Amino acid sequence: MNRRLDIEVGVAYGSDPAQVVALLKRVIAATPDVAQHPEPTGLFLRLGASSLDFSVRACTHDFSNWANVRSDLMTRIYAALNEAGIEIPFPQQDLHLRSVSEQAAAMLATPRPTADES
């Protein structure tokens, strides 16, 4: 019995999509218990809000152990991204203030001591 494994991965803007897809395919091919038929793939899905989003689609013939196979695959993907220096971002938001009180502006303009100065 086969079980499909779907894993989504987001990487930092500035990463090379072709490099990420190639890395995902290498990791998939090297992961034990990932079936080579149907052929697994790594896809560039979208330009996300905080990341370039990719998907791994693969199968395992080890239906009763699919969660461990998926975990192993995810661990290997994470390690390969780290080794390649490809950052996994966290969601970020910029705050643009149109107006602030004089007191808040003064507080924002006051330099804060660094950890070394404390």
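Trainee: What does Asp72 form a salt bridge with?

Mentor: With Arg76, and the closest N and O atoms are 3.0 Å apart. Keep in mind that this is a predicted model.

Trainee: Where do Asp72 and Arg76 lie?

Mentor: Both are in helix α2, four residues apart, which is about one turn of the helix.

Trainee: Is Asp72 buried, partly exposed or exposed?

Mentor: Asp72 has 27% relative accessibility, so it counts as partly exposed. Arg76 is partly exposed too, with a relative accessible area of 33%.

Trainee: Why would two side chains like that pair up at all?

Mentor: Opposite charges can pair when the charged atoms come close.

Trainee: OK, how many salt bridges are there by this rule?

Mentor: The count comes to four. Another one is between Asp6 and Arg4, where the closest N and O atoms are 2.9 Å apart.

Trainee: And how open are those two, Asp6 and Arg4?

Mentor: Asp6 is partly exposed at 39% relative accessibility. Arg4 is also partly exposed, with a relative accessible area of 46%.

Trainee: What about Arg46, which residue does it pair with at 3.4 Å?

Mentor: That's Asp53, with 3.4 Å between the closest N and O atoms. Since buried means under 20%, Asp53 counts as buried.

Trainee: Which residues do shared partners join into one network?

Mentor: Glu8, Arg46 and Asp53 are joined by salt bridges that share partners.

Trainee: Switching topic: at what angle do helices α1 and α2 cross?

Mentor: Roughly 140°, and their axes come within 10 Å. For reference, α1 covers residues 17-30 and α2 covers residues 66-83.

Trainee: So what do you call that arrangement?

Mentor: Oblique, because roughly antiparallel would need an angle over 145 degrees. That is how α1 sits relative to α2.

Trainee: Left-handed or right-handed crossing?

Mentor: The crossing of α1 and α2 is right-handed.

Trainee: Which residues make the contact?

Mentor: From α1 you have Leu23, Leu24, Val27, Ile28 and Ala30. From α2 there are Leu73, Arg76, Ile77, Ala80 and Leu81.

How values were computed: Residues are numbered from 1 along each chain as its sequence is written. This is a predicted model: local features need pLDDT of at least 70, side-chain atom pairs count only at pLDDT 80 or more; totals for chains, interfaces and linings use all residues. Side-chain values use heavy atoms; hydrogens and water are left out. Axes are lines fitted to C-alpha atoms, for helices over the stretch in contact, and angles run from 0 to 180 degrees between N-to-C directions. Helices (H or I, at least four residues) and strands (E, at least two) are DSSP runs, numbered from the N terminus. Angles under 35 degrees count as roughly parallel, over 145 as roughly antiparallel, 65 to 115 as roughly perpendicular and the rest as oblique. A crossing is left-handed if the near helix is turned anticlockwise from the far one by less than a right angle, and right-handed if clockwise. Contact means heavy atoms within 4.5 Å. A salt bridge is a side-chain nitrogen of Lys or Arg within 4 Å of a carboxyl oxygen of Asp or Glu. Buried means under 20% relative accessible area, exposed over 50%, partly exposed in between (1.4 Å probe, protein chains only).
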